[in-house]
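Please keep the sequence and the structure in view while reading the points below.

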Amino acid sequence: MKTRRLGKNGPEVGAVGLGCMGMASSYGQASDQAQVDAVIHRALDLGVTLFDTAEIYGPHVSETQVGTALAGRRDRVFIATKFGIGWKADRSGLTVDGSPANVRRSIEGSLKRLNVDHVDLYYLHRVDPGTPIEDTVGAMAELVAEGKVRFLGLSEAAPATIRRAYATHPITALQTEYSLWSRDPEDEILATVRELGIGFVPYSPLGRGFLSGDIRSIDDLAEDDFRRSNPRFQGDNFQKNLDLVEAVKSIAHDRGVTAAQLALAWVLHQGDDLVPIPGTRRIATLEDNVAAANVVLTAEDVAAIEAVFPRNAAVGDRYAVAGQAALNR
């Protein structure tokens, strides 16, 4: 596995990480621990070092899964987790809490579930508009001083918020959705983090699996899969977006790679400060994704991809209304 540095002064990690959300939540029934162990252990064999989870995944299920799978392997991995969002009691939407008290409560729970004495990278999962970012990051910085956290991160934060956070304590990574069909970071985000020397961690670099070309119909998704409520997977949007993927698959075929590998290679091509974290429940898919780190795109490849999948080509918002409201704060 090739490696990349997270930020100007951050750690070196495998060029492709593993997002662990889908094994625990959102995409149907959670995987059993044996399956999680198999995927994570194979990821280690392939040189993956960055494992990404969060308090809300499950909730709490993913952190426990990851902690169990990585037991006895702590010195080989870089563990990232996130706090700050939860579900309303009726699951109708999200709650956001970046208060210093919640910073403290959350880290203690995460450390216990992960069965570690420190987290390598601790993200604020969504910015709390009711708490000054200086207060949230200030409390997170206390965790660094105490040795419970090594590096700090933000997720889906606006440029001005990133700057204010960075002025409070160095920020090592920003995690935001970025892929062929989600290119909003190209407006200001990428320029901001590069100016400050912050690493960029694209989540959903395969468009929640859609860009792999393996999802052919909404019926391919479990009844309780959250993607059924995602605008890009609904109605006419589904077929329009599938047509885009078919064009990418054609280019991938000509290059002798899979559509997923081409889409991931495109993300990796955007800069050596990007470390995408595709998720999967299957070893074969994991191996396919990791191999994308060795796919080198030429200028002609990039131009061909842009021609069939230009910016803003994807149809539909990234999230339903409640999820959209928590972005770019």
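Contact here means that heavy atoms lie within 4.5 Å. The model is predicted. With that meaning of contact in hand, the briefing turns to a pair of helices, then to a sheet, and finally to some backbone features.

**Packing of helices H2 and H3**

- Residues 61-69 form helix H2 and residues 100-114 form helix H3; the two pack with their axes 7 Å apart and at an angle of about 40 degrees.
- Angles from 65 to 115 degrees count as roughly perpendicular, those under 35 as roughly parallel and those over 145 as roughly antiparallel, with the rest oblique; H2 and H3 are therefore oblique to each other.
- On the H2 side, the contact is made by Glu-63, Thr-64, Val-66 and Gly-67, which meet Ser-110, Arg-113 and Leu-114 of H3.
- By residue class, the contact of H2 with H3 comprises 2 nonpolar, 3 polar and 2 charged residues.

- Val-119 has Val-149, in E9, as its bridge partner.

- Between Gly-58 and Pro-59 the peptide bond is cis, and its omega is near -5 degrees.
- The loop that holds Pro-59 lies between strand E4 (50-52) and H2.

**Residues with positive phi**

- Although Ser-26 is not a glycine, its phi is positive, at about 80 degrees.
- Ser-26 is located in the loop between strand E3 (18-19) and helix H1 (33-45).
- Ser-26 counts as partly exposed because its relative accessibility is 24%, and buried would require a value under 20%.
- Asn-328, also a residue other than glycine, has a positive phi near 55 degrees.
- The position of Asn-328 is in the segment after helix H11 (321-325).
- With a relative accessible area of 49%, Asn-328 is partly exposed, since exposed means over 50%.

Note on methods:
Residues numbered from 1 in each chain as written. Predicted model: local features only at pLDDT ≥ 70, side-chain atom pairs only at ≥ 80, totals over all residues. Heavy atoms only, no water. Axes fitted to C-alpha atoms, helices over the stretch in contact; angles between N-to-C directions. Helix = DSSP H or I, 4+ residues; strand = E, 2+ residues; numbered from the N terminus. Nonpolar A, V, L, I, M, F, W, Y, C, P; charged D, E, K, R; others polar. Buried < 20%, exposed > 50% of the residue type's maximum accessible area, 1.4 Å probe, protein only. Pairing = 2+ DSSP bridges.
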